[in-house]
Structures are given as C-alpha cells and as structure tokens.
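Please keep the structure open beside the text as you read.

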Amino acid sequence: MEYLSINEIVNALNGKLILNGNIGNFKSVSIDSRKVEKGNIFFALKGENFDGHNYLKQCSENGAGLLIVHNENFKKADIKEYTSVILVEDTRKALRDLAEYYRKKINIKVVGITGSTGKTSTKDLVAAALSEKYKVFKTKGNFNNEVGLPLMVFDIDNSYDIAVLELGMSNLDEIHRLTKIARPDVAVITNIGISHIENLKTRENILKAKMEIVDFFEKDNILIVNGDNDLLSTVNSNKFITEKIGIESDYNFKACNIIIGEENIKFNVLENNSLIDEKFKINVLGKHNVLNSLLAIAVARKFNVKYSDINKGFENLEATSMRLDIEKCNKFTIVNDAYNASPDSMEAAIDVLKNLNGKRKIAVLGSMKELGDESYKAHMDVAKYAKDNNVDMLLVISEYSNAFEEGFGNNIKIFTSKEEAINFLKNNIQAEDVLLVKASRSMKFEIIVDAMKKFDAKEVI
C-alpha cells in the first residue's frame, strides 16, 4: 500500500476527525483487532456476531494510527495520543470508499474476473499468463466480496504493473459496487450457471448481475467472455470492445487439437482463425480449464504478451488450493475439490475423475447451496451425470440425498455425517481407487480428505 495522509482519508470518506493523533501518514489497513500493528488504519466493522467498536482500546494500545468508527460509544481517554479517530456514517461503506479512492490514486492496470464458476482458477491462469512480462498482483484466496476486495486493493502498490482481481456476488448491485472500486480495464466473465439462483430466480438475472462488471466501461475497455456459454454467446456491445473464446465455434480465440491428460491439458490456439505456432501444455485438469486458459490467453494478448511468453508464464502457475488438487496417496488417489460446489463445477470435477486412470471411480459428494427451487433437480442431474460418466460408487452426505439417489440409482451410499463416510471409506477403499471429494464450502469436506490422507495405506485392500 502507498502512503495516504490523514487529510486524504478524511476527504475520501467525507468523515469527521474527532481525535487527531500524531501520526500523519498511513500505509496498511486492518479489520481484525487481533492483527493490528503499529501505524495501521483499523476499520471498526460490525457484523452479526461481532463489533469492531468493542476493541478500539485494544487496537490503540497495539499501535493503531487511525480508527474508523461509525459511533462514538467509546472513552476518548482509552485512546493513545498517537491514534486518530474518524467518524463516518457506515464503516463498511467507508472501507469501500477508501479502496475506491486508493484505486484511483495508484497507477496500475486492472483485470476484473467474475462468473458463476471458475473465477479463482481463471484468476490464477490470467496472473500466470501475464507473469513473464509484468509484475502481477492477484486476489489471495477468494477475497472477492465487499470486504475482501477492498483489502486486496489496499495490498497493491505502485511496484505492480497489473492487478488481477476476483469479483463475487450473490445478488444484484454487488458487482456494481465492486466494479466501482476495482475499475477494471479488462473484464472477464467465465460462464453463467445457476449459482445463487435462489436469490436471483433466473439465469437471465444472473447474467444481468455479472454484466455489472462493465458498468464503468468506456469505448476502449475490453470484455472477454466464454462464447461456449449459451447466455454469454449473445453478449455484444457498441459501447466497449467485446471478445469471445471457446471450443465450439470460430471465436476471437479458439482451442483446437485438445488433449486432456492425467496431469495437464494440451491444445493449440486459433486467433481470429489463424493457427498460432505455439503448443500449450498447462498443469491443470479438465476440459473446463481449456476454456479458463483461453480466457487467460485472450487477456494476455490484450496486454501485448507474446505467445511464447504466455506459455512460459503458464509454467509459473500457482493454483489456489483445494481446487482439483490431485493427492497421490500410497495406494489410492484423491481428487480434492473441497473448496466449493455448483452444478457446473460438479460436472467439471466428474470429468476430471473420469479421465484419471484407476481401478474404481468413487465420488464423495455433498450439497450445493443457494440453488433455491432448482436444488432437487440440480442434485439429481449431477448424480445422473456421475452415473453416465462411469462413476462406480457415489457416497453422499446431503439434505438432497433422495435427489442424488434418484439420479444415480444403485451403488449409492448415504451418510448422515462425515465421520460415517470416513469410516466406510477406510473399510472399503481398494488399491488403485480414485476418490473425488466435493461439496459446498460450508460442508468442510476437506476433513474427509485429511482423514483419508492420514489413513495407513498398508490397510488398503
């Protein structure tokens, strides 16, 4: 983070300076009172189960140079002489406002990425594709919401050339607010599925929400979309530049000669129907990652990165964990995709499972959240997809177990807890089995992965 002065901050937040300490410039932000360090700006956020205003004394004692508050229910005598306090109407909005101000202050290009699935994988691939030519900042983990994104923006300084920022949402107007902060020069939409359809009711509304990423675009801004997605294939505009990638048709960037391997994907690229003399080999799995890689290639080309440098950049790929990690245990293999789940990502993970060599293919699946009225059918369809793609056994922990059973038929095991599923696996796993573990984040299926990795391989049949 570059330095911000106290006057800049007061003006950016339209706030009131109620205590003026003796620190005049600041270059780090915290929202966690336990992690406040000397000179930090601390935003006292209020949530359902916490209120940062209860820890102002502690933050000041730990060296906070500035406290941002939206009430004055604290003892001014508890605040050290070096700590300033700014009063605002809403600290969450203030966090966004300061991030917006700071984004405009730093001289950097931004790539914004959204979509129903594949945001994080695409973020990692875009950062890698750019890395040979530029110094790139990318969103850590999935800090992609109205608290996480500002924190990522504050982590950027002028030593970076390009920032690759992930933008998530669960309802209308959220991407708009995030885009107001990020102001992307290039935007990417990976796909439009049914994640968050519980709130948005239709896929058309999901498209509308995702398209908020172009709300601040001008004629030279670029939107890159996955043209193989039925709704994104229709996206065009005369207000900004639109480009499409895909496998199915002649797009601006098209993959051909595709090989889906056990450890990587390989393909060639047609740019505007001209075959590029560069074979790509990328250490990710699944056909869906061909599309994500094409999005990354398209972004890199917009920043004038040569194809040979894009290929070198892909060698530097740093993938976010728990997303299709292949865990080679002594006698069996685990496909760890425990980070999150949606119908599209479930099918993508099953595709990866299908393409791995192994004796039996076993899927351990949990619930997909926020699907509303589509929930039963979505779980049934995923189970049917598993059956049609050679999954030998389905293990389920879910409130939609009946839907899974209807879709899969025989050879399904239903459990009421992760511990039950772990015990079953330990008693039934065989040498050379391949195990896919996937569910929505809240189900914490990494517990199953960790238990099976620790399982004594000598006990495997």
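You will find D173 in the loop that runs between β10 (162-166) and α6 (174-182). Helices here are DSSP runs of H or I with at least four residues, strands are runs of E with at least two, and both are numbered from the N terminus. The phi of D173 is near 80°, a positive value in a residue other than glycine.

K201 is another such case: its phi is positive, about 75°, although K201 is not a glycine. This lysine belongs to the loop between α7 (197-200) and α8 (203-210). With a relative accessible area of 60%, K201 is exposed.

## How to read the model

This is a predicted model, so local features need pLDDT of at least 70 and side-chain atom pairs count only at pLDDT 80 or more, while totals for chains, interfaces and linings use all residues. Residues are numbered from 1 along each chain as its sequence is written, and side-chain values use heavy atoms, with hydrogens and water left out.

## The chain as a whole

The chain contains 15 helices and 23 strands. Its radius of gyration is 24 Å, close to the 23 Å that the globule rule gives for 461 residues, so the chain is as compact as a globular protein of that length. That radius is taken over C-alpha atoms, and the rule is 2.2 Å times the number of residues to the power 0.38. Along the principal axes, the C-alpha atoms fill a box of roughly 70 × 55 × 40 Å.

Of the 461 residues, 58% count as buried. Among contacts (heavy atoms within 4.5 Å) with a separation of 6 or more, 65% join residues 24 or more positions apart. The accessible surface comes to about 20,300 Å², and carbon and sulfur atoms supply 42% of that area; the areas come from the Shrake-Rupley method with a 1.4 Å probe, and for residues only the protein chains shown count as cover.

Which residues of α10 are buried? They are Y307, D309, I310, N311, G313 and F314. Because six of the eight residues of α10 (residues 307-314) are buried, this helix is largely enclosed by the rest of the structure. The cover over its buried residues includes α4 (119-130), β14 (253-260), β15 (265-271), β17 (280-282) and α9.

Leaving aside residues up to four places away in sequence, S293 touches L125, I265, F267, I282, V284 and F314.

Beyond residues up to four places away in sequence, L435 touches T333, I334, V335, I362, V364, L425 and M452.

In helix α15 (residues 446-454), the buried residues are E446, I448, V449, A451 and M452. They pack against β19 (333-337), β20 (361-366), β21 (393-397), α14 (418-428) and β23 (434-438).

N11, in helix α1 (residues 6-13), is exposed at 62% relative accessibility. N11 and L98 are 87 residues apart in sequence, and their C-alpha atoms are 9.6 Å apart in space.

D381 belongs to helix α12 (residues 375-388) and is partly exposed, at 28% relative accessibility. From D381 to E406, 25 residues apart along the chain, the C-alpha separation is 9.2 Å.

## Cysteines

How many disulfides does the model have? The count comes to zero, where a disulfide is a pair of cysteine sulfur atoms within 2.5 Å. C256 is buried at 18% relative accessibility, and C329 is buried with a relative accessible area of 18%.

Notes
Buried means under 20% relative accessible area, exposed over 50%, partly exposed in between (1.4 Å probe, protein chains only).
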